[in-house]
Amino acid sequence: MTQIRLHNTLTNRLEPLDPVHPGEVRIYTCGPTVYASAHIGNFRTFMFQDVLRRFLRSQGLRVLQVMNVTDVDDRIIQSAAAAGIGIREYTDKYIQAFLHDIDALHIEMPEELVRATDHIEDMVALIERLQEKGLTYKSDGSIYFRIAKFPAYGKLSKIDVHGMKAGARVDVDQYEKDDARDFALWKAPKPGEHFWETRIGPGRPGWHIECSAMAMKYLGDTLDIHTGGVDLAFPHHENEIAQSEAATGKQFVRNWLHAEHLIIEGQKMSKSLGNFYTLRDLFARGHKPSTIRFLLLSVPYRRQLNFTEDGLTQARNSVERLRNFVARLKTSQFPAGSNAEMLKRIDKAESDFDAGLADDINTAMALAAVFDLVRDINTAMDRGEFLQQDAVRALAATEKFDAILAVLSDTDDDKLANLGFSPQKPRMSAEEVDALIEERNAAKKRRDFKRSDEIRQKLADSGIMLEDTKDGSVRWKYK
Ligand code: AMP
Ligand code: ZN
């Protein structure tokens, strides 16, 4: 078995994977906050986790992965109240959407997908343990974790806690490093807000305690791997460490893996900045699930992924190249026999693929191994030097690659149909729209407003809305 090394945010080093329970890797993944549909930035991180778990399993390891669904937080409470429904009803619809999205992207379901609101009792019990140890205090009905009592505070995000004002508190779940303070474990109810009546008083959990309670409930006191996007390292994961380690006295997580962001026009894609695409936005623009899957997994997780139309085009071409290659292997007639050199070449591609992934899930290295092999085999086929048994061996290799890449079987139309898109009647493709927009720009430039209006109308008739932006460029959307 290949030695797997992963980068640990805690030590800032590559470390060999050394599971607590030999043969089984226990992973906790911070899942979606279900107050809106997830965007493709979120799926960048979820895709990395999918590649990780698929690779571990391909190496003969068992995986026990728990993903939480944050179905109670400030934004959820506000949005549900505005919609005049309960938080459970409000979040159900986004959980369903999330499940459809991960299915469309062939992201495997974790062994456990757990909702925060089903684990209030576990959170209360954990807060009680922290109370018994004298690590908490109450203020206005809320319960706070006193970070001055946990000397290791800051070890993950490397913040310097010296000089921090003891007793200063934050109530919001998300805040910046330079505002590190005692954080809320349990929040007193505000008028009109959803709350639970519990042994520690009425209220609702803070975000951080959710993950500590659920992670330890399903995976034990010490997990092998905890994953999330880089934005979660502080304060969320730092606070998870404080709560968990202060309660158990044991190391909470052996290896912290953080995915870099997906960015668009130089900025993090995020709901709050409004610069996001959901999967459905991209499907409506004619992009396929396999294209998006390939694009998201093609950039190693510790590198930022710059999301562009060009990247989508390249990803689509790469998937097509692989599918054409497999079709050629399956349908061509090759002379009988096998070629020892070629068999060795295929073995090498397989071991390079594994070596890439074993090196901190370096998908770029793994994909280079695949595409180099495709090129060499295509050349051998063109020259008539590729034989029947080589093809059998090559097909087995493509299956092995696809156990992780999961783009070969063309299920795109089925997945799109499941989501209510009708791939048989495609709308105007993104390329056609872009070409018309270019033509319209040219018409405007030569002051041919009749033509530019005609084009706008033609696009409108096809359900496409144009939006002229401040910087002079044009954005478009399907209505
Ligand atoms: P949320 O639904 O906001 O709780 O986020 C779910 C996951 O997506 C977390 O692991 C975040 O760190 C991650 N995430 C959020 N925005 C991005 C982004 N632009 N690129 C990559 N991961 C992201
Ligand atoms: Zn979490």
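**Note on a predicted single-chain model**

1. Of the 479 residues of the chain, 54% count as buried, where buried means under 20% relative accessible area, exposed over 50%, and partly exposed in between, with a 1.4 Å probe and protein chains only. This is a predicted model, in which local features need pLDDT of at least 70 and side-chain atom pairs count only at pLDDT 80 or more, while totals for chains, interfaces and linings use all residues. Residues are numbered from 1 along each chain as its sequence is written, chains are lettered from A and ligands numbered from 1 in the order in which they are written, and side-chain values use heavy atoms, with hydrogens and water left out.

2. Overall dimensions. The radius of gyration of the chain is 26 Å, which agrees with the value near 23 Å that a compact globule of 479 residues would have. The radius is taken over C-alpha atoms, and the globule rule is 2.2 Å times the number of residues to the power 0.38. Along its principal axes, the C-alpha trace spans about 75 × 65 × 40 Å.

3. Secondary structure and contacts. The chain holds 15 helices and 18 strands; these are DSSP runs numbered from the N terminus, helices being H or I of at least four residues and strands E of at least two. Among contacts with a separation of 6 or more, 75% join residues 24 or more positions apart, a contact being heavy atoms within 4.5 Å.

4. Surface and charge. The 66 positive and 72 negative charges have mean positions 2 Å apart. In this count Lys and Arg are positive and Asp and Glu negative, with His and the chain ends not counted; the charge is placed at NZ of Lys, CZ of Arg, CG of Asp or CD of Glu.

5. Cysteines. The model has zero disulfides under the rule that a disulfide is a pair of cysteine sulfur atoms within 2.5 Å. C30 is buried, with a relative accessible area of 7%, and C211 is also buried, at 1%.

6. Backbone geometry. Most residues other than glycine have a negative phi, and most peptide bonds are trans. The peptide bond from F234 to P235, however, is cis, with omega near -5 degrees, and P235 is found in helix α6 (residues 233-248). H106, which is not a glycine, has a positive phi of about 60 degrees. H106 lies in the loop between α3 (87-104) and β5 (112-115) and is partly exposed, at 25% relative accessible area. A406, likewise a residue other than glycine, has a positive phi near 50 degrees. This residue, A406, is placed in the loop between α12 (388-405) and α13 (412-418) and counts as buried at 13% relative accessibility.

7. M214. Helix α5 (residues 207-219) contains M214, which is buried with a relative accessible area of 0%. Leaving aside neighbours within four places in sequence, M214 is in contact with Y28, N68, V114, R115, A116 and H119. M214 and H119 are 95 residues apart along the chain, and their C-alpha atoms are separated by 7.1 Å.

8. N8. Strand β1 (residues 5-8) includes N8, a residue that counts as buried at 1% relative accessibility. Not counting residues up to four places away in sequence, N8 touches R13, E15, R254, N255 and W256.

9. S290 lies in helix α8 (residues 289-298) and counts as buried at 8% relative accessibility. Beyond residues up to four places away in sequence, S290 touches V319, R323, V407 and D412. S473 is located in the loop between β17 (464-468) and β18 (474-478) and is partly exposed, with a relative accessible area of 34%. With residues up to four places away again not counted, S473 touches E467 and D468. The C-alpha atoms of S473 and K400, 73 residues apart along the chain, are separated by 44 Å.
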